[in-house]
Amino acid sequence: MLFTVVGFVLLFSCQNNSKPVLKKPVLKVVKLENSKSDDNEVYNLASVDTLPKYPGGIEKFHAFLKKNYVIPEEVIKNEALGHPVFATIKIEKDGTVSEIEIIRDFGYGSGPELKRVLKLSSNWVPAIKDGKPVRCLYSIPYYVY
């Protein structure tokens, strides 16, 4: 019986019924309606409602690249035809091409030549999200033949 009484005393004396000293702060998130930060956001192809389009379609774009890309002499001399050059471009809200970046090339001047040709590109039809034109990142693989 003594052990039972001592057990109950220890059980109830070890319980912590005190309240915490600090309360968690209450955070309220407010989204501003006409926020300018979204105006220049660059979207990927998966997050837009309508994809950007080259006038006349992607076949015309490939024809444009093939017509204007001058194969560097070093590529021919080193028999390096058939290799890819990867680039990204940003298609602006007005359809212009900007921020051309060569992601990977195989050397011999292949990357700078693709960049030169992409600068000549005519305006695209911009991507659409929520009914408005938006900036969009577009990837371009080009095989040099």
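User: Is E74 buried, partly exposed or exposed?
Analyst: E74 is partly exposed, because its relative accessible area is 35%. Buried means under 20% relative accessible area, exposed means over 50%, and partly exposed is in between, with a 1.4 Å probe and protein chains only.

User: Before we go on, what kind of model is this?
Analyst: This is a predicted model, where local features need pLDDT of at least 70, side-chain atom pairs count only at pLDDT 80 or more, and totals for chains, interfaces and linings use all residues. Residues are numbered from 1 along each chain as its sequence is written, and side-chain values use heavy atoms, with hydrogens and water left out.

User: Back to E74. Which side chain does it meet in a salt bridge?
Analyst: The side chain of K77, at 3.4 Å from N to O. A salt bridge is a side-chain nitrogen of Lys or Arg within 4 Å of a carboxyl oxygen of Asp or Glu.

User: Where do E74 and K77 lie?
Analyst: Both are in helix α3 (residues 73–77), three residues apart, about one turn of the helix. Helices (H or I, at least four residues) and strands (E, at least two) are DSSP runs, numbered from the N terminus. K77 counts as exposed, because its relative accessibility is 62%.

User: How many salt bridges does the structure hold?
Analyst: Five. One of them joins R116 and E113, at 2.6 Å from N to O. R116 and E113 are separated by about one helical turn, because they are three residues apart in helix α4 (residues 110–119).

User: Are R116 and E113 buried, partly exposed or exposed?
Analyst: R116 is partly exposed at 36% relative accessibility, while E113 is buried at 12%. Elsewhere, salt bridges that share partners join K90, E92, E99 and R135 into one network.

User: What is the N to O distance between E99 and K90?
Analyst: The salt bridge between their side chains is 2.7 Å, N to O. K90 is buried, with a relative accessible area of 19%, whereas E99 is partly exposed at 47%.

User: And R135, where is that found?
Analyst: In strand β5 (residues 132–143). R135 counts as buried, because its relative accessibility is 12%.

User: Which residues is R135 in contact with?
Analyst: Leaving aside neighbours within four places in sequence, the contacts of R135 include N40, Y43, K90, E92 and E99. Contact means heavy atoms within 4.5 Å.
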